[in-house]
Amino acid sequence: MSATALTHHLRVLAASGHRHDEILTPAALDFVGRLVGAFGERRVELLKERRRQALRLASGAPLDFPMVTSAVRADPGWRVAPAAPGLADRRVEITGPPDRRTAVNALNSGACVWVADFEDATAPTWHNVIDGQLNLLDAIERRESDRPATIVVRPRGWHLDEEHLEFDGRPVPAALVDFGLYFFHCARRQVDAGHGPYFSLPKLENRYEARLWNDIFVFAQELLGIPRGTVRATVLIETITAAFEMEEILYELREHSSGLSAGRWDYLFSLIKTFGHRTDFLLPDRAQVTVTAPFMRAYSELLVRTCHKRGAHAVGGVTAQVPSGDSAAHEAAVAKVRLDKEREAEDGFDGSWVAHPGLVDLCREVFDDVLGNRPHQIDRRRDDVEVTAAELLSVRRIGGPPSAEGVRANVAVALRYFAAWLRGQGAVALYGLMVDAATAEIARVQIWQWLRHRVVEREAVVGLLEDELVSLGAEYPSAPLDEIRALFERTAMAGELPLFFTPDAYTRHLVRRAEEGA
């Protein structure tokens, strides 16, 4: 393992790959080092506050809209910045990992926006991370498409480290690596091309985490001489605590905000992480927890109302269906997607996501019917919507014990995704859906919740685990079944619920493999 000393105490702890020197220049690494030096400790303190808040909620403290920021919510005078070039029309966004093939397909898909996802759709091997940056650089230099979709980059969340870079003897925050390398190499290029450096921020839990991002944007723009306010960022509201601070998050980012977007699986995942110890938050099969459930309706309508009140875009959730060669299955999937997108458009969303190029035209057609020639419907204020804390938390209104099929589906999806992730694939088609880390997270925490409350017997889960491992081994003879079993047992069957499966799995498997040259 090589160790290259650089300025600002940053070291690269990985072997170089093809064209990696184009990304890992001394100046680019110096820029990332400056970001880490300026903001690394604040990130550590915010992660500590996450843990303190989790303990408070677990001990029975109520979750409500913050009283201390009531003036921000009541003030009618502030709005977010106007839509930036390339972000006015967002009726169709496509999301996926920043690998070469996905980049080409996404940029040429006809979608308005491509969200290049380093977070849930990328297994963070060192080569995936740096090759993703190269693919973005190539795309911006028009090496991949003559008429590309607007590029939005989703860096990894605050909870993740990049262990192939070291600052003062410690791993570097992965979010600052993804943001910093892209911003250094591509911000000026994007401005010169008539757009700007745009981002999608995952898994924020409160306004303070949004404020940190805003301060990073200001600092980065000043360092590179980019006009303040050029950066735009859409925040995914995919944690239950962030749902109570939507307006405050927009306020903190207002000069750099491009709105909010919904994230169904991560939102449910966060709900279980936060309240999974309580029986009144016991969820049935995830397939039964649709966006029409009362607490999910409250969440989505509040998101639209909040955004439009402040002049921001509201982007709906991702459609994960993968078009099928089977005509009957395809028609059924198309009908389901159409119904979901029609609901979003009628509710006031300004656009939505798809995970497959084959669904871009359908999504566009649905939003065209509602929007017509308008780029969005931000002027539709949704003042009719009033959402209380109780409505956001009324999970008990849905129910039913988990079915045998639902338990098996969660075990099967988690194991197959773990297998793909361990071999470096962060987005994979499974059972007619495009599955990423968010799907695996909700699958494994549901198993944990059902075991905790004894609505599913441990022996039954163990039996399903062994059955599915046999099937997985037949499908992928080279799959590391012992590692996959251990990962499932640690993250879905342990007494204490790990907050994410990714940090531990990354350190145990992906980092070790990179160091060994795998």
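**View A. An aromatic cluster in the predicted model.** Ring pairs join Phe-31, Trp-158, Phe-179, Tyr-182, Phe-183, Phe-184, Phe-199, Trp-213 and Phe-217 into a cluster, as seen in this predicted model. Across the whole structure, a search finds 19 aromatic pairs.

**View B. The stacked pair of Phe-31 and Phe-183.** The ring centres of Phe-31 and Phe-183 lie 6.1 Å apart and their planes meet at 10°, which is under the 30 degrees that counts as stacked. Because Phe-31 belongs to helix 2 (residues 26–58) and Phe-183 to helix 6 (residues 174–192), the pair ties together parts that are 152 residues apart in sequence. Phe-31 is buried, with a relative accessible area of 3%, and Phe-183 is likewise buried, at 0% relative accessibility.

**View C. The stacked pair of Phe-199 and Phe-217.** Here the centres of the two rings, those of Phe-199 and Phe-217, are 6.0 Å apart with their planes at 20°, so the pair is stacked. Phe-199 lies in strand 8 (residues 198–201) and Phe-217 in helix 7 (residues 207–224), so this contact ties together parts that are 18 residues apart in sequence. Both Phe-199 and Phe-217 are buried.

**View D. Charged side-chain ends over aromatic rings.** The charged end of Arg-254 sits over the ring of Tyr-251, at 3.9 Å from the ring centre, while that of Lys-273 sits over the ring of Phe-500, at 3.8 Å from its centre.

**View E. Helix 15 and the residue Gly-424 just after it.** Helix 15 (residues 404–422) has 19 residues and reaches 27 Å from its first C-alpha to its last, close to the 27 Å expected at 1.5 Å a residue. The helix is mostly covered, with 15 of its 19 residues buried, and just after helix 15 Gly-424 adopts a positive phi of about 95°.

Conventions. Residues are numbered from 1 along each chain as its sequence is written. This is a predicted model: local features need pLDDT of at least 70, side-chain atom pairs count only at pLDDT 80 or more; totals for chains, interfaces and linings use all residues. Side-chain values use heavy atoms; hydrogens and water are left out. Helices (H or I, at least four residues) and strands (E, at least two) are DSSP runs, numbered from the N terminus. The expected span of a helix is 1.5 Å times one less than its number of residues. Buried means under 20% relative accessible area, exposed over 50%, partly exposed in between (1.4 Å probe, protein chains only). Rings of Phe, Tyr and Trp (its six-membered ring) pair if their centres lie within 6.5 Å; planes under 30 degrees apart count as stacked, over 60 as edge-to-face and the rest as tilted. A charge sits over a ring if NZ of Lys or CZ of Arg is within 6 Å of the ring centre and within 35 degrees of the ring normal.
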